[in-house]
Amino acid sequence: MADYHVLLLGAPGAGKGTQSKRLAEAFDLEHVTTGDALRANKDVETEYGTPREYMDAGELVPDEVVNEIVEEALSAADGYVLDGYPRNLSQAEYLSDITDLDAVVYLDVDEDELVRRLTGRRLDPETGDIYHVEFDVPDDEAVRERLVQRDDDTEETVRERLRVYRESTEPVIEHYRERGELVEVDGEGSPDEVFDRVAETIRERA
Ligand code: AMP
């Protein structure tokens, strides 16, 4: 699967990050994620301001900034799982100019479940591992005590991210659906269950 190209789509909280990471390991692919790349460069000044100004408000970072990150990352990767991009139709057009896709997978999760997952999500700042205050509490007390919430996982910002998703990113899902490229996978259930479904889809197509 060395040069296989997977695009993982879904709302914030659908599990794109978790599943992409696991797919990249299982299929020996590069994990390319705009969210992580932007978080690592949140305070870098660009001509549009810093990524933080957009991210902490739940808005999209300007296409010019994000397109450059993606183009650079994809040109350095053979096979990849792309997550967090494209988030609007103009990014989808840009993507089709720079690469071909072998599988476009959409993780389908109900909106109430998305809000529950996002507002309860916590990060271990030392390892980057993701936990949840109800569904996935770490056994180790030291880890429990150092967990933090992502700046944009507060209820107000989560609502805005979901609004932006419906307005800008749902048309992207429609775009791939109309072209007959979209494979829909049920994104509810445990991370293991969802992983099995996505991996099966990719194996069938490879
Ligand atoms: P994520 O980790 O994918 O949920 O992304 C977190 C935040 O990063 C988003 O709410 C946006 O502010 C920004 N971001 C990530 N990917 C993109 C993208 N493709 N286009 C614009 N902004 C993005």
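Is Glu160 buried or exposed, and what is its relative accessible area? Glu160 is buried, with a relative accessible area of 19%, where buried means under 20% relative accessible area, exposed over 50% and partly exposed in between, for a 1.4 Å probe and protein chains only.

The model is predicted: local features need pLDDT of at least 70, side-chain atom pairs count only at pLDDT 80 or more, and totals for chains, interfaces and linings use all residues. Residues are numbered from 1 along each chain as its sequence is written, and side-chain values use heavy atoms, with hydrogens and water left out.

View 1. Glu160 belongs to helix α8. Helices (H or I, at least four residues) and strands (E, at least two) are DSSP runs, numbered from the N terminus. With neighbours within four places in sequence set aside, Glu160 is in contact with Ala57, Gly58 and Glu59. Contact means heavy atoms within 4.5 Å.

**View 2. Crossing of helices α6 and α8.** Two packed helices are described by the angle between their axes and the distance between the axes. Helix α6 (residues 111-119) and helix α8 (residues 155-178) have axes that come within 10 Å and cross at roughly 135 degrees. That angle makes α6 oblique to α8, since angles under 35 degrees count as roughly parallel, over 145 as roughly antiparallel, 65 to 115 as roughly perpendicular and the rest as oblique. The axes are lines fitted to C-alpha atoms, for helices over the stretch in contact, and angles run from 0 to 180 degrees between N-to-C directions. The crossing of α6 and α8 is right-handed; a crossing is right-handed if the near helix is turned clockwise from the far one by less than a right angle, and left-handed if anticlockwise. On the α6 side the contact is made by Glu111, Leu114, Val115, Leu118 and Thr119. On the α8 side it is made by Glu155, Val158, Arg159, Arg161, Leu162 and Arg166. By class, the residues of this contact are five nonpolar, one polar and five charged. Ala, Val, Leu, Ile, Met, Phe, Trp, Tyr, Cys and Pro count as nonpolar, Asp, Glu, Lys and Arg as charged, and the others, Gly among them, as polar.

**View 3. Crossing of helices α1 and α9.** The axes of α1 (residues 16-27) and α9 (residues 191-205) come within 10 Å and cross at roughly 50 degrees. That makes α1 oblique to α9. The crossing of α1 and α9 is right-handed. From α1, the residues Thr18, Gln19, Arg22, Leu23, Ala26 and Phe27 take part. They meet Pro191, Asp192, Val194, Phe195, Val198, Ala199, Ile202 and Arg203 of α9. Nine nonpolar, two polar and three charged residues form the contact of α1 with α9.

**View 4. Gln19 in helix α1.** Gln19 lies in helix α1 and counts as buried at 3% relative accessibility. Beyond its neighbours within four places in sequence, Gln19 is in contact with Leu8, Leu107, Pro191, Val194 and Phe195.

**View 5. Gly189 in the loop between β7 and α9.** The loop that holds Gly189 runs between β7 (182-186) and α9. Gly189 is partly exposed, its relative accessible area being 47%. Apart from neighbours within four places in sequence, Gly189 is in contact with Arg117 and Val194. Gly189 and Leu107 are 82 residues apart in sequence, and their C-alpha atoms are 11 Å apart in space.

View 6. Helix α4 (residues 63-75) has 13 residues. From first C-alpha to last, α4 reaches 18 Å, close to the 18 Å expected at 1.5 Å a residue; the expected span is 1.5 Å times one less than the number of residues. Asp63, Val65, Val66, Asn67, Val70 and Leu74 of α4 are buried. The buried residues of α4 pack against β2 (30-33), α2 (34-39), β3 (80-83) and α5 (89-98).

**View 7. Val81 in strand β3.** Val81 is found in strand β3 and is buried, with a relative accessible area of 0%. Not counting residues up to four places away in sequence, Val81 touches Val6, Ser20, Leu23, Ala24, Leu29, Glu30, His31 and Val32.

View 8. Most residues other than glycine have a negative phi, and most peptide bonds are trans. Asp28, in the loop between α1 and β2, has a positive phi near 55 degrees. Asp28 counts as exposed at 65% relative accessibility. The peptide bond from Tyr85 to Pro86 is cis, with omega near 0 degrees. Pro86 is placed in the loop between β3 and α5.
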